[in-house]
Amino acid sequence: MAINFNKVPRYIHAEIDPPTKIIEQGVKNGTVQRIQEWLNYHQIRTVIDNDYGPATRECIRNFQKKTDLPITGKVNKKTWEALVSPIHSALSQPSQIESLSASEVVMIIATQHVEQRPFEIGGANEGPWVRLYCGGYHGRDWAWCAGFVTLIMHQAYFYRGQRSPIKGSVSCDSLAAQAKRAGLFVPGHSIVRGEVNWNSLGDCCIFLKRRTATDWTHAGIAFGARGSSKSIVFFTIEGNTNDEGSREGYEACRRIRSLGSGSYDFIAFK
């Protein structure tokens, strides 16, 4: 289904709304930057400099040829929509969710996002996906793992016609504080000790990687735990990570993590 545009934040419109006029060689503005970012996403490499020069024109021609669009070297509504189609797919409303639980819908939405291969474009914590997950902001200081799970949560509850159980944040520490106030925070050691059954967390939940008792450094969606006690492993969909599972990665992907002695905490969905 298409995106439900009711109450869509302005910063999301900035990423997906087509330009009001054709963008062609000679134009220099933020829209050109977005075009260049999306060209790089589609593996058509060009510099991101806000300048629609001959190289960008040729890249657009290549993209148009690749997507069976008229080869003009200019960006009209159809070319723009083809460029940003991955973000439309990530934000689309799933069908037949009326009978599903909140955690089931979160899982569907998380899968939609990871299947579009969100990754940083143009530098550390840069590009349209980072802006999507960080309220329109991007740049080196905008680690986006918490924003990734926040948007997925908001999107799932929005399509269910409900308010999210917590406000959400781009800060892992804020997510933990909000979950504690809402009574949704589950310490990892309580699962290791057998005090809480993983299944009570539903089809999926939010995981928080704990560094200290008051400091969490990474977040993602967790599901499908296997094993018992300290041998529990769980599956994830997470943003701003990499092959090593770092909090300062460059993409959204699937991973498998080990609960170990309880160095992770969790946030349940209502």
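This is a predicted model: local features need pLDDT of at least 70, side-chain atom pairs count only at pLDDT 80 or more; totals for chains, interfaces and linings use all residues.
Student: Which residues of helix 8 does helix 6 meet, and what is the hand of the crossing?

Tutor: From helix 6, the residues involved are A102, V105, V106, I109, A110, Q112 and H113. On the helix 8 side they meet F148, L151, I152, Q155, A156, Y157 and Y159. As for the hand, the crossing of the two helices is right-handed.

Student: What does the side chain of S164 make a polar contact with?

Tutor: Setting aside neighbours within four places in sequence, S164 is in contact with M153, H154 and Y157. One of these is also a polar partner through its side chain, at 3.0 Å. That partner is H154.

Student: How far apart are the C-alpha atoms of S164 and F269?

Tutor: Along the chain, S164 and F269 are 105 residues apart.

Student: Over to helix 2. How many of its residues are buried?

Tutor: Helix 2 covers residues 30-41 and has 12 residues. Its buried residues include R34, W38 and Y41. What covers the buried ones includes helix 1 (10-16), helix 3 (54-66), helix 4 (77-83), helix 5 (85-91) and helix 7 (128-133). Helix 2 is mostly covered, and the buried count is 10 of 12.

Student: How far does helix 2 reach from its first C-alpha to its last?

Tutor: At 1.5 Å a residue, the expected reach for helix 2 is 16 Å. The value in the model is close to that, at 17 Å.

Student: What is found at the start of helix 2, and which residue with a positive phi follows the helix?

Tutor: At the start, a side-chain oxygen of N29 comes to within 3.0 Å of the backbone nitrogen of T31. At the other end, the residue that follows helix 2 has a positive phi, near 65°. That residue is Q43.

Student: Q96 and N240 each have a positive phi although neither is a glycine. Which is buried and which is exposed?

Tutor: Both have a phi of about 55°. Q96 belongs to the loop between helix 5 and helix 6, whereas N240 lies in strand 4. With a relative accessible area of 68%, Q96 is exposed. At 0%, the buried one is N240.

Student: E238 is in strand 4 too. Which side chains make polar contacts with the side chain of E238?

Tutor: E238 counts as buried, because its relative accessibility is 0%. Beyond four places in sequence, E238 touches several residues, among them F148, F207, H218, E251 and R255. A polar contact of 3.2 Å joins its side chain to that of T241. Another, at 2.7 Å, is with the side chain of R257.

How values were computed:
Residues are numbered from 1 along each chain as its sequence is written. Side-chain values use heavy atoms; hydrogens and water are left out. Contact means heavy atoms within 4.5 Å. A polar contact is a pair of N or O atoms within 3.5 Å; within protein, one must be able to donate a hydrogen and the other to accept it, and residues adjacent in sequence count only if both atoms are side-chain atoms. Helices (H or I, at least four residues) and strands (E, at least two) are DSSP runs, numbered from the N terminus. The expected span of a helix is 1.5 Å times one less than its number of residues. Buried means under 20% relative accessible area, exposed over 50%, partly exposed in between (1.4 Å probe, protein chains only). A crossing is left-handed if the near helix is turned anticlockwise from the far one by less than a right angle, and right-handed if clockwise.
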